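Please keep the structure in view while reading.

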Amino acid sequence: MKPKIHRGKLTASGFRFAIVASRWNDFLTSKLVDGAVEALEGLGAEEDSVEIFMVPGSFELPGAAKKLAETGSFDAIVALGVVIRGETPHFDLVAGEAAKGVANVTIQTGVPVMFGVVTADTVEQAINRCGVKAGNKGYEAAQAAVETANLYRSISTGREKEKPQGKAVPHVV
Ligand code: INI
């Protein structure tokens with residue numbers, strides 16, 4: 001048996017994206033936004049297909065993402081923020097709610113929301129994940145958004161479907 005593998009293409013053309021970003025630790029989140037825009041542009045997103053929405057902190061990301069998902073105007077949403085343990089006694093609450101909330105929005109609305117929130121113990125660690133020196137979680141999250149939007153569209157339209165190969169297995173409901 002050789003099951004068909006479905007993968008989302010890495011092409012952003014023809015899709016619409018929302019970036020929702022937290023203002024907390026702005027010197028770092030702005031780098032995540034830059035990385036996300038660079039990734040979308042590099043993958044062929046059209047000029048007016050990307051919109052950016054700013055929220056006060058990472059805790060507010062899921063609520064804004066839900067509103068955006070409900071508009072039906074976006075194929076994928078990229079949620080960006082930076083939560084640093086050293087800066088807040090409620091690190092676990094903010095980071096946990098952001099992660100849980102973002103996952104819930106995807107499940108409730110069917111619009112994929114990427115978790116591009118850097119959670120770090122120190123500013124130094126956060127800097128390393130925001131593309132100031134090397135990797136950029138915003139860039140990665142935007143790439144994941146493109147891949148997932150493509151996959152979801154192909155699942156919905158069935159465009160990738162081919163004639164079944166080998167023995168057909170009846171599916172009884
Ligand atoms: N929000 C962040 O995005 N990062 C943080 O590091 C942070 N700290 O340290 O507290 C933070 N707090 C604000 C929070 O996200 C909400 O905006 C606030 O609690 C109002 O709801």
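The secondary structure of the protein chain consists of five helices and four strands. Followed along the sequence, these elements come in the order β-α-β-α-β-α-β-α-α. The model is a predicted one, and the chain has an average pLDDT of 91, with 89% of its residues scoring at least 70. Residues 161-168 stay under 50 in pLDDT. For this stretch the model has one contact beyond four places in sequence.

Of the 173 residues in the chain, 42% are buried. The chain exposes about 10,100 Å², and carbon and sulfur atoms supply 55% of that area.

**The packing of H1 and H5**

Two packed helices are described by the angle between their axes and the distance between the axes. Helix H1 and helix H5, the latter formed by residues 137-157, pack at an angle of about 40°. Their axes are 6 Å apart. The crossing of H1 and H5 is right-handed. Which residues of H1 and H5 meet? On the H1 side they are Leu32, Gly35, Ala36, Glu38, Ala39 and Leu40, and on the H5 side Lys137, Gly138, Tyr139, Ala142, Gln143 and Val146. The residues of this contact comprise seven nonpolar, three polar and two charged ones.

**Individual residues**

| Residue | Relative accessibility | Class |
|---|---|---|
| Phe27 | 49% | partly exposed |
| Ser13 | 37% | partly exposed |
| Thr106 | 17% | buried |
| Asn25 | 11% | buried |

Ser13 is located in the segment before strand E1. Ser13 and Ser49 are separated by 36 residues in sequence, while their C-alpha atoms are 8.7 Å apart in space.

Asn25 lies in the loop that runs between strand E1 (17-22) and H1. Although Asn25 is not a glycine, it has a positive phi of about 55°. Asn25 has a relative accessibility of 11% and therefore counts as buried.

Phe27 belongs to helix H1, which covers residues 26-42. With a relative accessibility of 49%, Phe27 is partly exposed, because only values over 50% count as exposed. How far apart in space are Phe27 and Val82, C-alpha to C-alpha? The distance between Phe27 and Val82 is 9.8 Å, although 55 residues separate them in sequence.

Thr106 is part of helix H3, formed by residues 91-109. Thr106 counts as buried because its relative accessibility is 17%, and the limit for burial is under 20%. When residues up to four places away in sequence are not counted, Thr106 touches Val111, Pro112, Val113 and Tyr152.

Definitions and conventions: Residues are numbered from 1 along each chain as its sequence is written. This is a predicted model: local features need pLDDT of at least 70, side-chain atom pairs count only at pLDDT 80 or more; totals for chains, interfaces and linings use all residues. Side-chain values use heavy atoms; hydrogens and water are left out. Helices (H or I, at least four residues) and strands (E, at least two) are DSSP runs, numbered from the N terminus. Buried means under 20% relative accessible area, exposed over 50%, partly exposed in between (1.4 Å probe, protein chains only). Axes are lines fitted to C-alpha atoms, for helices over the stretch in contact, and angles run from 0 to 180 degrees between N-to-C directions. A crossing is left-handed if the near helix is turned anticlockwise from the far one by less than a right angle, and right-handed if clockwise. Contact means heavy atoms within 4.5 Å. Ala, Val, Leu, Ile, Met, Phe, Trp, Tyr, Cys and Pro count as nonpolar, Asp, Glu, Lys and Arg as charged, and the others, Gly among them, as polar. Accessible areas come from the Shrake-Rupley method with a 1.4 Å probe; for residues, only the protein chains shown count as cover. pLDDT is the predictor's confidence in each residue, from 0 to 100.
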